[in-house]
Structures are given as structure tokens and as C-alpha cells.
Amino acid sequence: MEETMQVFNHKEIHLESVMNQYGSSIVKLAYSYVKDFNVAEDISQEVFVSYFKNLDSFRGESSVKTYLYRIAINKCKDYLKSWNYRRVQLSEMFGRVIADPKISPEHALLEKEQQNDLADHVLALPLKYREVVFLFYYEELSMKDISSFLQLNLSTVKTRLSRGKELLRMRYMEGGKGND
């Protein structure tokens, strides 16, 4: 009985460490899919609950980060397929500007507008392009890591990134929001 408690305590300590290390990344990843910060936080909690429950069966064939990202992506996709998602109104904006006292209010407003505009364009991309663009530019992952996370061929990741960038470029040139 005492040995079981020690194993459980070790798992809790490990989970806390993993949550501290990857928590914000998982929330950001989830947000890139669901576009709602509160839902992204809920999904990230589900990711860590799932990780904790399945910790004994984790084979270590990939890094913990890769494993968590895979769980998160699957949970996000499940959420997006759910009936509940169809009823939820998306309200959160992707980017937030942290106020810098050295920047004038006009400059800060313009910068925030540009970030929101870029975020709107990224979020308007089809999911297959949005996830690659997000992981590459916002999470700064290599194409090889993205390939592993999404379980896609490297050439597919390169193609999706290229097409995603081209779609963004076209939307900016057209000045077009809502040109889905």
C-alpha cells in the first residue's frame, strides 16, 4: 500500500513539472484550433488529465512534448467535431498586445490593429494550413517536429506551409477579410 502511494506521489510530482513546462504551450496550441481562450484552457486541462491517466502506458517512443501535442491536437479536433462547438460563439481574439510604456498610444493601437488583423487572417485559414502556420511561426517548431506532431510526411508539411503563406499573402493583397 505504501509503495502504491509513493508511485502515485511520484506521478503527481512529474505531472506538476510537465504542466509547468508545457502548460502555456498546450493552451496556445489548443487556442489556435478552437479560437476560444476558455475552451483552450479546458482542453489543456483535459490533456493533462489524460496524460496522467495514461502515464503508465506511455512508452517513451516520442518526447513528452510530442505526446502532449498529439493528445491536444486530437482533443481539439474532437471538440471541433462536437455538437457543442457548433453552438458556441467565438469571442476571443488571437493576439494580445502587452502595453509598453515606451510606445505611444497611437503606435500601440496601430500595432494591436495589425496583430489582430494578422491573427484574423491566420485564424481564417483552413485548419490544415492554420495548424502548420501556427506551429511553425508561433510555436517556432521545425518542419520535422511539425511532421511528427501532425503525423504527416515532411513534404506535406512543407506544401501546407507554402500554401498557407500564399493564402495569407493573397488575403493581404486583396485587403480581404472574409474572403474564405
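Helix α7 (residues 143-150) and helix α8 (residues 154-174) pack at an angle of about 105°, with their axes 9 Å apart. Axes are lines fitted to C-alpha atoms, for helices over the stretch in contact, and angles run from 0 to 180 degrees between N-to-C directions. That makes α7 roughly perpendicular to α8 (65 to 115 degrees counts as roughly perpendicular). The model is predicted: local features need pLDDT of at least 70, side-chain atom pairs pLDDT 80 or more, while totals for chains, interfaces and linings use all residues. Residues are numbered from 1 along each chain, and side-chain values use heavy atoms, without hydrogens and water.

**The α7–α8 contact**
- From α7, M143, K144, I146 and S147 meet L154, V157, K158 and L161 of α8 (contact means heavy atoms within 4.5 Å).
- The residues of this contact divide into five nonpolar, one polar and two charged.
- Here Ala, Val, Leu, Ile, Met, Phe, Trp, Tyr, Cys and Pro count as nonpolar, Asp, Glu, Lys and Arg as charged, and the others, Gly among them, as polar.

**Helix α7 itself**
- Its buried residues are I146, S147, F149 and L150 (buried means under 20% relative accessible area, with a 1.4 Å probe and protein chains only).
- Seen down the axis of α7, they fall within an arc of 165°, so they line one face of the helix; the arc is that of the directions from the helix axis to the C-beta atoms.
- Q151 follows α7 and has a positive phi, near 55°.

**The whole chain**
- The chain has eight helices and zero strands (DSSP runs: helices H or I, at least four residues; strands E, at least two).
- Of its 180 residues, 36% count as buried.

Technical notes:
Buried < 20%, exposed > 50% of the residue type's maximum accessible area, 1.4 Å probe, protein only. Parallel < 35°, antiparallel > 145°, perpendicular 65-115°, else oblique.
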